[in-house]
Each structure stands twice: as structure tokens, then as C-alpha cells.
Amino acid sequence: MPALPLIIDTDTGSDDAVALLLAAASGLGDIRAVTTVAGNVPVETGTRNALISLETAGRTDIPVHPGCSRPMTRPLSSAQHVHGEDGMGDIGLPDPTTACQSTHAVEALLSYPRAHPGELTLVTLAPLTNVAAALVRDPELFTRYRHVYCMAGAADLRGNISPTAEFNVWADPEAARIVAQAATPEKVTWIGWDVSRKDAVMTPADQQRLERLGTAMASFAHRINRTVADWARDVTGLAGYDLPDPVAMAVALNPDLITEREQAYVEISVAEDTRGQMVIDRRVSAPAPNLTLVRRVDEAGFKKLLFDTVATHVDAATHVDVATRGDAVTPVADGSPFADADAAV
């Protein structure tokens, strides 16, 4: 099968980085662009991490577009206590050899699907600020994508940042509300932390296997999750650390991994005491569903995809002029990568 053309929106922390490896090196994805947003780490740090991750996969040709530096209406609350100050386990990664693009992420999210209508799949691994800002400017945005997969929410109301909320939705609930209100279940699928907690936990045996593979990607994936492993042990109590962004990416790359899903009407709470909680109406009298919710995936199939991908030996990173890719995007007015989407929200 041909590789799936992808746009990926990320706040690149350690699990996002593994998801980028899956998309870039599994042979199942054709990444046309990566957009970054504040979330796990400030947007500048997440942009650096995206470039490093793609370089680790041998893909320095993929353009990276920095985006919004804060949530729509709130100050930034990062997850550096989980992923480390640098978002990558504080292991001292060297700077990337490539630079980001001048086109803002929101412009990229709008421009790429206009140039390739119905062709691109959008995968979001982050707070939904960039996507919501793009929807404000183009309410029909989701119709221009082939499908949209979001690592977002906790459909069983068991949270990882609060008692009932998952981090990406909690970090910018106003943005998540805009995305949910614009969604239809035929176009938008959410893969929540409940799936990761059940079907994407890297047990000590899995971690040992990852370390022993010995490839550059496997070593990278193992080392950058050092602080996440500590946090999972001390806070969520899992039998290892989980990989929410990689399992969401795996579902986008291979939907056959889904073993249980539902369509439901979902609202997002923006109240302080239930911030970021999914309010799911499953009554017979509920409004028409707006989201497809993945509830379980094939754990063995997901881990096989992960291990097979990072076991690959990649060639030296290829340096390709992104202008030759033919993807039409429009630079922001002043050329600054951090200029206008903050104003747009």
C-alpha cells in the first residue's frame, strides 16, 4: 500500500518523538510537514525536539513549522515535570543540524490541504491550539483533510493531569472545545489516554527489549523516556511508562489496530473544577455524535509496529531543499515563525 500522506501537529516531548519515528521510518507514513505548538514544553523547545527526532529517523527533508506559543485564553502550563526540562528526558541531546521554516504552523495547517484537497491525514499529538486557530479562520477545515486523528481526552474520565482530564485537552480546553464542535465522526477520531493506559504500556521487559535492540532509533526512544518512566511509577502507577502519542500515530497509520470504538456526542468542560474533562452523552436522546472514540487497540500489533520500526538502521540524514517538495504554503507577513497565530487566537 502507498504510504499515508501526513501532517503532524506536535508539542514534541518524549512520546511525541517516538510517534514521529513511527511516522517517518515505518514505511507507512509520508510526512509532508510537521507543525509545533506549546504544550509539553514551550514551542521553541518542541520545535527543536521535532527537528532532532526527524533527524534521528534520517528525515531532515521534512519541513517543521513553529506555531502558537500559548493556549487560546490561558497561560502555558507545560509538562516538563513529566518529560524533563528539555522534553526529552534531559539526556543532553545535541542541537539539530537543520532549522525550522518561517511559515507559521497555522498557515501551514490551512495551506497544505488547500494544495492537496482530500489527500492529507492530520494527526495531532498536542494541545489543539494550532488546529483551533486554523478552524477559526476556516470553519470547513476538516472537510479538506482525508481524516483527522487526535491524541486527546480520556473517554473513561480517568485523567493523567487531573482526576478526570488528559493533558492535551486540559492544557487548552477552549481549543479542544472548538475542535469537538467542528468535528463529525466520519472525519475526526480521538484516541485517548485510556487507550494508552490499557494497551500501550512499556513494561520493564519491553523497555529492556528496546534497549537491547541497539539501533540509533531504539536507543533514542529508550533514553528520552527516562523521566517519563519515573513519573509513571510515582504518579499514574502503571506497570511501566505508557506511549499515548505513538499509539495514536499507530492507529492513524494502521486503523486495523483498532479493536473497539464508538461514536458519541462529546463536549469539553472549560470549568475550573472539571477543566478538560470529556462530557460524553450516550443517552438515546443525545445530540448526533460528533466524534469517533477509539476505546481499545491490539496491544501486540502496536508493539510489533513499534519494535519493527525502531529496529531499522537508518541511513545518514538526507538534506533536501523543501522547496522542491511542491507543497504550497504562504509565509506570515513579517517572516517570523512565531508571529501571527497568537494574535489569531
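## Nonpolar cores

A nonpolar core is a set of buried Ala, Val, Leu, Ile, Met, Phe, Trp, Tyr and Cys residues joined through side-chain atoms within 4.5 Å. Buried means under 20% relative accessible area, exposed means over 50%, and partly exposed lies in between (1.4 Å probe, protein chains only). The structure described here is a predicted model, in which local features need pLDDT of at least 70 and side-chain atom pairs count only at pLDDT 80 or more, while totals for chains, interfaces and linings use all residues. Residues are numbered from 1 along each chain as its sequence is written, and side-chain values use heavy atoms, with hydrogens and water left out.

The largest nonpolar core has 68 residues, and the members that touch the most others are Leu6, Ile8, Ile31, Val34 and Met249. Helix H1 (residues 14-25) gives the most to this core, with nine residues. Helices (H or I, at least four residues) and strands (E, at least two) are DSSP runs, numbered from the N terminus. Contact means heavy atoms within 4.5 Å. Leaving aside neighbours within four places in sequence, Ile8 is in contact with Leu20, Ala23, Ile31, Ala33, Val34, Thr35, Val123, Leu125 and Met249. Another core, of 41 residues, lies apart from the largest one and includes Ile7, Tyr145, Val266 and Ile280.

## Confidence

The predictor's confidence in each residue is its pLDDT, from 0 to 100. The mean pLDDT of the protein is 91, and 91% of its residues reach 70 or more. Over residues 317-341 the pLDDT is below 50, and this stretch has 60 contacts in the model beyond near neighbours in sequence.

## Helices H1 and H2

Two packed helices are described by the angle between their axes and the distance between the axes. Axes are lines fitted to C-alpha atoms, for helices over the stretch in contact, and angles run from 0 to 180 degrees between N-to-C directions. The axes of H1 and helix H2 (residues 43-56) come within 9 Å and cross at roughly 40°. That makes H1 oblique to H2. Angles under 35 degrees count as roughly parallel, over 145 as roughly antiparallel, 65 to 115 as roughly perpendicular, and the rest as oblique.

H1 passes H2 in a right-handed crossing. A crossing is right-handed if the near helix is turned clockwise from the far one by less than a right angle, and left-handed if anticlockwise. On the H1 side the contact is made by Ala17, Leu20, Leu21 and Ala24, and on the H2 side by Ala50, Ser53, Leu54 and Thr56.

## Helices H4 and H5

The axes of H4 and helix H5 (residues 129-137) come within 9 Å and cross at roughly 60°. H4 is therefore oblique to H5, and the crossing is right-handed. Ala105, Val106, Glu107, Leu109 and Leu110 in H4 meet Asn130, Val131, Ala133, Ala134 and Arg137 in H5.

Nine of the 11 residues of H4 are buried, so this helix is largely enclosed by the rest of the structure. The buried residues are Ala105, Val106, Glu107, Ala108, Leu109, Leu110, Ser111, Tyr112 and Pro113.

## Residues in loops

Leu157 lies in the loop between strand E5 (147-151) and helix H7 (167-171). Leu157 has a positive phi of about 60° although it is not a glycine. Its relative accessibility is 34%, so Leu157 counts as partly exposed. Beyond neighbours within four places in sequence, Leu157 is in contact with Pro163, Thr164, Gln277 and Met278. Leu157 and Val106 are 51 residues apart along the chain, and their C-alpha atoms are separated by 30 Å. Asp90, in the loop between helix H3 (80-83) and helix H4 (105-115), is not a glycine either, and its phi is positive, near 55°. With 38% relative accessibility, Asp90 counts as partly exposed.

Asn225 is placed in the loop between helix H11 (216-224) and helix H12 (226-236). Asn225 counts as buried because its relative accessibility is 1%. Leaving aside neighbours within four places in sequence, Asn225 is in contact with Ser14, Asp15, Val18, Tyr241 and Leu243. Ala286 is found in the loop between strand E10 (278-281) and strand E11 (291-297), and is buried, with a relative accessible area of 18%. Ala286 and Ala264 are 22 residues apart in sequence and 8.6 Å apart in space, C-alpha to C-alpha.
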